[in-house]
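Subject: A structure for you to look through

Dear colleague,

Please find below the structure that I promised to hand over, together with some notes on what was found in it.

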Amino acid sequence: MHECGRYLPPPISRREMLARSASGFGAVAMASLLGETLSAGLPADMPYLGPHHAPRARSVIFLYMDGGPSQMDTFDPKPQLAKMHGQPFPMEIQATQFDNNGLTLQSPWKFSRHGECGHPVSELFPHVATCADELCIIRSMTSKFSEHTNANYFLHTGLGLAGRPTMGAWASYGLGSESRDLPGFVVLNGGLTPPGGLDCFGNGFLPATHQASMLKPDEHGMAYVRPLEENLSRQQRKRALVSQLDAARSQKGDAIESAIANQEMAFRMQWAVPELMGIDGESAITRRLYGLDTTYEPTKIFGRQCLLARRLVERGVRFVELTCPAVNGDRWDQHDNLKTGHENNARAVDQPIAGLLKDLKSRGLLDETLVVWAGEFGRTPFAQGADGRDHNPFGYTIWMAGGGVQGGTTYGSTDEYGYKAVENPMEIHDLHATMLHLMGIDHTRLTMPIGGREMRLTDVHGHVVSDLLT
Amino acid sequence: MSVFLILAAFLTAGAPFNPESAAEIRSLLASRCFACHGPDQEARKAGIRLDTAEGQQARHPSGAIVFPGHPDKSLLAQRIESHDPDLRMPPSGPPLDEEEIQLIRDWIRQGAQWPTHWAWKPIKNPAEPEVANTQWILDPLDSFILADLEAVEMEPAEQAEPSTWLRRVHYDLLGMPPSPDLIASFEQDAATDPIAARERMVDRLLDSPHFGEHWGRHWLDLVRYAETCGHEFDYPIPHAWRYRDWVIRAFNDDVAYDRFVIEHVAGDLVHDPRIDESTGLDDSLPATGFWFLNQGTHAPVDVQQDEADRMENQIDVFGKAFSGITLSCARCHDHKFDPIGTDEYYAIGSYLQSSRRRDAYLDPHGRIEAKLQQIENQKRAIARDLASGRSVADGSAPTASSSTLFETFDGSLEDWFPDGHAFGQPLETGEPYIEDEALFIAGSGQWHSGLRSYRAQGAIRSPSFTIENDWIHHHVKGRGARIRIYIDGFRLNEYNPLLFEDCLKQVDTPDWHHVAQRVGKYRGHVAWIEYSDDGDGWIAIDEIQASDNSAEPVWIGSPDKPVDGVDSEKLAAALETIIAEEQAIETPVRVLSMTDGTPEDQRVSLKGNHATPGPLAPRSSPSIMRSPTTVPPDGSGRLQLAESLVSRTNPLTSRVMVNRIWHYLLGQGLVVTVDDFGAMGRPPSHPELLDHLATRFQSHWSVKEMVRAIVLSRTYGMSSQANPQSLELDPNNRLIHHHPLKRITAESIRDAMLSVSGQLDSSVGGAPVATHLTDYMTGRGRPGNSGPLDGDGRRSIYLEVRRNFLPPLLTAFDMPTPSLTTGKRTVSNVPAQALTLMNDPFVHEQAKYWAERILLEHDSNQDRIRTMFMESFGRPPTQNELKASMAFIESGSKNADDVTLWMDLGHSLFNAKEFIYLD
């Protein structure tokens, strides 16, 4: 029997709250929920309370593989598919998104073993394969939804509908940012906004501070970060006047004070963001490592995103999510033309990801950065039509690397066709619980009281999968 | 615990049990114990329940759980105090702290009284308390506030300055700043008789059409108002804005709140629909649109799950918006804290199961229907006249069919649902009819939308049925019409047929033919069929069958017979005048709304899983509403449900709404958790005041009266500058000794900029203004074209609400995501807000317009500065501010008439905190 979370006493006074803040997470947000006289908001510089236990990862980089890469074609080889290729699929088939199920379809790509651990990796990922010993490959991931949007909301927020806080928002809410000039949760938008839209990156019922700041990997990066004044002095003059006007009111309470502080931070962000985006100072070797010298434009875009991700975690940003760049065809959503589509998508991300892992490692950052590679679901081992694969939430592959996870290992497995998880099935809630755990957060204690319930990222589910951890 | 509790304890030290601390005890036990020892029978551990007096005082093998008067002999006290972690309760989470333990011990010692939860008790009309400082009382509500303050010897704040009060009330009622002229005339007026001046001002503001816009926006938060469905492609919710305009109108017209609630739940069923005087349209029905403002995905693999999720959202909004109860907590298990069973959750679901979504066809003054009835009668008479004496088809004996016969349109069609104006009376076998310019004799019963006028729009819908065959077959003819099967109420296949591609078929052949729809995938699902004629076409149907293959079934009805030898000139002549009249038929106004379907009680889904149905959940209102309902045999019963919400015995509806009004005006509800009046919500800070207001509200259910009473009170009029000693004693203002500092809403920030710049288009209502798209607003469903940067100068409530493309300026300032009821917006304070005010081109543009206007209207720099301060802050600049502003203008390298200087001053005022905060 599940219970709808843990139940805390209803909101108490703000003073109490601050006095008690040592008692755990949620206190800050609870204060803003109950309002009291706080209805005008909390100071932006409210101290965050630190982790529940020693964190293994200071930051997370979430490589979101939009559309659902195929497990059988990437990290979960299934020789049985070749034997049965072209024949009716021998297992019972569950309802699919397009209801156009074809015959058993073998992988068009060869697998070979890599690294000391001998991870089998397909030809789609020649660069990532060179990092095999860093990868903890989970082959038994499951989702609950066959539709992109529900599955995306589920992957990001733990619920298949829009409106809940996304994982990056929870991380920011629990841990704050270590940067004075940059927000705690950044999405580097490669061009493809996931189905489900910006709600995948929303703060839901958490304070708006925790919503994703969307960064485009271009010169300015963030909305409204570029001053419209033709020169700095014009903006400075206004800023000076505003300070004068505000000074008389700064005694009016916390809300005004923190709004003033925010204005200062906003002012700094106008310089901090372009500084962040300016990757010209990176060495040619580094730039090559990320694939910035290639001719394929999507690789360059994703390479830039990966490089910016490193720069963001260097600056103390807590949670960085990357969305995919547009390749010539669709996202990883090959309902037909699997071969071309997956090759284009893999080509866009393979070298940049390998570059990121190597760069983080060489800078000593990989130990404290958790890198997660995941789509919202996998794909069917039988064809959709002749040469595509439909959505498959019943068993698929994701991987993690870096801070606190055991590289060079495999967890769980699917059946001989790669259709369903059979050994150690893992839920999205388990992934969330484990990610939070690595960041030093007990997923059952990072909560927000809403409608009489203590809401959390893992809803009423989730287990930390300790087998994955070092 | 809270300051309130400390004060309450101070008030009642040594006194017998204070009923107000009962609420605290309940909150505490609810939050820490009820999950395992509460109303949910299945989750209950050790058979112990603490949510009822019987449960608390039941004998347990190891002793009394609660032994009134004897904390040491009570298991409850022993277990919460235990130092043995195996025994200590609660077993998870931190142990209770000393204060909490003391609270429970005191409660037991004083007799462990367990009154009914305050919110479930009937509303009382408490006597106005006596106060010492009677001068302070302007409205009886002030006595309740002052009595509590006097009891703890706290001083209320001074009254706010007239200009401060005016700016506050202007924003609180209209969501926009007062003009300098208004301020001047008010100050003059107030100098002679401040109280009368305030009354006149409030009456004037309540009469403004902008009142409905500002208060309508509050309401839209409660019903997760949006104009698209979100998810992958952000498909539209057609006609949603008609509901938005309805809300604005209803607040402006001060529709009695009981009626307002009834119309939301069952405006389609009221016996006396309100007719809008100007348009002649039914103005009760559009309120039901709120049911369908939910998000939606386009191709659910499990459509029953999808329906269950849609319904949960509808029930959640229904429970919270009107009653402040969290009904949807009882979807998977009995409510953990409040006495709401899963059967009661699914009972509300049964009302929805018995109802359908409908894009209604509203008829101005009934003119469309009147005209069409007349035309139908004329055409039938002409047909009879022309056919008389001619041979009539002899209905051959029905042939046996191998398929399941669904409908022959021969018998009673009472369980069908005709809608709109296209379909008149069905044709009976042997009846003559005119189609195009020919005469036919109906070979069997049929429903024909061409008998009235091709211009008419409408639909007929079948009763609900369970799909038991692979195919459904229709015998139809028509032009520009369609056949649609709704499965589990799913409608988004309108835009994307995936998984439902056979459910929607066009009919474009004017001879009788066979249309087959494959539905085998949905065996066992509940469905209904719709034939619609929404354009200048027509459709006729005479038979529906179901079978397990696609082959055309044997139709049992006889074919229609053309009547030969009709004098076509005579027919044309007879139709001529009618055709002319048809051109004058108006187009109906389509409105998102609810309508009754086939009455059907659903089953409880065990553990919330629709695949494991439990017992039937017959329609009834939740027992905590204390107003039982009846269900008519032939309808959904929504009207009776609606009436139960506003019955005198219902303890929630009035309390919840006056608390919302208080929250919007005073910044914080008497019950802080405005959407949750259950055990997990906060108890009221002023329970008697809440009941006093709730009683007053019930006398006319007038929102405007209630708003008027509150804003004219001494309480509302207090300064935001607290008395220092009161602030020391009660820093959280629980006893309301000053007016809180409030930030204006996201919409008001934008509206204020338009207002001061002179760019505001103050027209009311209408289709939404297309969303302005920035480079950062990307994703599927992105509209092809961006709307204007300034939203055509319309107020923010008229900007399109696309779930996947919400306006960044508004979301930065906490416009809520439209997913759930939001009675209390977050008021965040984040750098992105400052960035927006600094660098959003809209803000710069409005500053520029403002500057241009100021330069045009005023000559001296001082006048200009004074006006800008008056317009933005509702007061003149102080000496220092004037000096600083003059310096700003004059120290620039530019001529003082340069527009950029004034634009920069305006932009600075937009960025000053005072622009977005109210004293």
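Because Asp792(B) has 14 C-beta neighbours inside 10 Å, it counts as partly exposed, where a residue is called buried if 20 or more other C-beta atoms lie within 10 Å of its own, exposed if 12 or fewer, and partly exposed in between, with C-beta atoms placed from the backbone. Before going on, please note that this is a predicted model, in which local features need pLDDT of at least 70 and side-chain atom pairs count only at pLDDT 80 or more, while totals for chains, interfaces and linings use all residues. Residues are numbered from 1 along each chain as its sequence is written, and chains are lettered from A and ligands numbered from 1 in the order in which they are written.

Asp792(B) sits in the loop between helix H23 and helix H24 (808–812) of chain B; helices (H or I, at least four residues) and strands (E, at least two) are DSSP runs, numbered from the N terminus. The phi of Asp792(B) is near 55°, a positive value in a residue other than glycine. Asp254(B), in the loop between helix H12 (240–252) and helix H13 (257–266) of chain B, also has a phi near 55°, and it counts as partly exposed because it has 18 C-beta neighbours inside 10 Å. Most residues other than glycine have a negative phi, and most peptide bonds are trans. A cis peptide bond, with omega of about -10°, joins Met89(B) and Pro90(B), and Pro90(B) lies in the loop between helix H5 (75–81) and helix H6 (98–109) of chain B.

**Helix H27 of chain B**

Just after H27(B), Gly874(B) takes a positive phi of about 70°.

**Where the chains touch**

The contact between the chains takes 84 residues from chain B and 77 residues from chain A, two residues being in contact if their C-beta atoms, placed from the backbone, lie within 7 Å. On the side of chain B that touches chain A, the largest share, seven residues, comes from H25(B).

**Chain A**

Chain A holds 12 helices and 17 strands, and buried residues make up 63% of its 470 residues. Eight strands of chain A form an open sheet with mixed pairing, in the order E7-E6-E8-E1-E9-E12-E5-E13, where two strands pair if DSSP finds at least two bridges between them. The edge strands, each of which pairs on one side only, are E7 (213–215) and E13 (409–411) of chain A. Within this sheet, which residue of E9(A) is the bridge partner of Val60(A)? The partner is Leu370(A), and six bridges join E1 (residues 59–64) to E9 (residues 369–374) of chain A, two strands that run parallel.

With best wishes
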